[in-house]
Amino acid sequence: MTPNSLAFIALSNEFCQAVESASSMASATDFVEEMLRLLPRLYVTASDLKPDALLSPDDSPFLESFLEEDLYEQVRDSIETLLGSDDVYLEVFEEDMRYSDTPIRATVSENIADIFQVLYNFVSTVRDAHPDVVNEALHAVSDEFASYWSQRLVNVMRPLNQLRYTSADTE
């Protein structure tokens, strides 16, 4: 296993812990700063993932689902409550935007919860797993990053950045 793979596993775990503890954060500012510390690192590390062994063309790796809907909703609700009206932002990088004259509404809480879901399933899969299973999970999370959650990650950074530096200006 590469050092980058190990770093990604550790960072994924750290992100999941931070998201799960959002409801106990002292303020929205603390949460925003924590996300702005973790998300760019996740992006870079996930972009550089190079799982050890190539899978055969017949293999299509996937992450087993460990996250229950209740925990997903709990995470999403706690972030929504923490951010209040700052949870909602207008998204321009949605596929539906091409066919719409009106802005698309998105939420920080849902984007973070979607990333959390992928990484929670990944961390749950690799915890105490055989190296072959870890390698398959790395392939799966890397594929999902390219096709799905990388866009969610960069989309949610924009409103978080706005919150971070708008809040600093008003204080």
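**Exercise 1. Which residues make the nonpolar surface patch of about 230 Å² in this predicted model?**

Solution. Let's start with the members: Tyr 43, Val 44 and Val 154 make the patch. Tyr 43 lies in helix α2, residues 28-47, and Val 154 belongs to helix α5, residues 131-170. Finally, look at the spacing of this pair: Tyr 43 and Val 154 are 111 residues apart in sequence, while their C-alpha atoms are 8.1 Å apart in space.

**Exercise 2. Are Tyr 43 and Val 154 buried, partly exposed or exposed?**

Solution. Begin with the cut-offs: under 20% relative accessible area is buried, over 50% is exposed, and partly exposed is in between. Tyr 43 has 33% relative accessibility, so Tyr 43 counts as partly exposed. Val 154 has 36%, so Val 154 is partly exposed too.

**Exercise 3. How is α2 oriented relative to α1 and to α3?**

Solution. A handy reminder first: two packed helices are described by the angle between their axes and the distance between the axes.

- Take α1 (residues 3-20) and α2: their axes come within 10 Å and cross at roughly 150°. Angles over 145 degrees count as roughly antiparallel, so α1 is roughly antiparallel to α2.
- Now take α2 and α3 (residues 69-83): they pack at an angle of about 120°, and their axes are 9 Å apart. α2 and α3 are therefore oblique to each other.

Definitions and conventions:
Residues are numbered from 1 along each chain as its sequence is written. This is a predicted model: local features need pLDDT of at least 70, side-chain atom pairs count only at pLDDT 80 or more; totals for chains, interfaces and linings use all residues. Side-chain values use heavy atoms; hydrogens and water are left out. Patches are made of residues with over 30% relative accessible area and no salt bridge: like charges are joined within 9 Å, nonpolar side chains (Val, Leu, Ile, Met, Phe, Trp, Tyr) within 5 Å. Accessible areas come from the Shrake-Rupley method with a 1.4 Å probe; for residues, only the protein chains shown count as cover. A salt bridge is a side-chain nitrogen of Lys or Arg within 4 Å of a carboxyl oxygen of Asp or Glu. Helices (H or I, at least four residues) and strands (E, at least two) are DSSP runs, numbered from the N terminus. Buried means under 20% relative accessible area, exposed over 50%, partly exposed in between (1.4 Å probe, protein chains only). Axes are lines fitted to C-alpha atoms, for helices over the stretch in contact, and angles run from 0 to 180 degrees between N-to-C directions. Angles under 35 degrees count as roughly parallel, over 145 as roughly antiparallel, 65 to 115 as roughly perpendicular and the rest as oblique.
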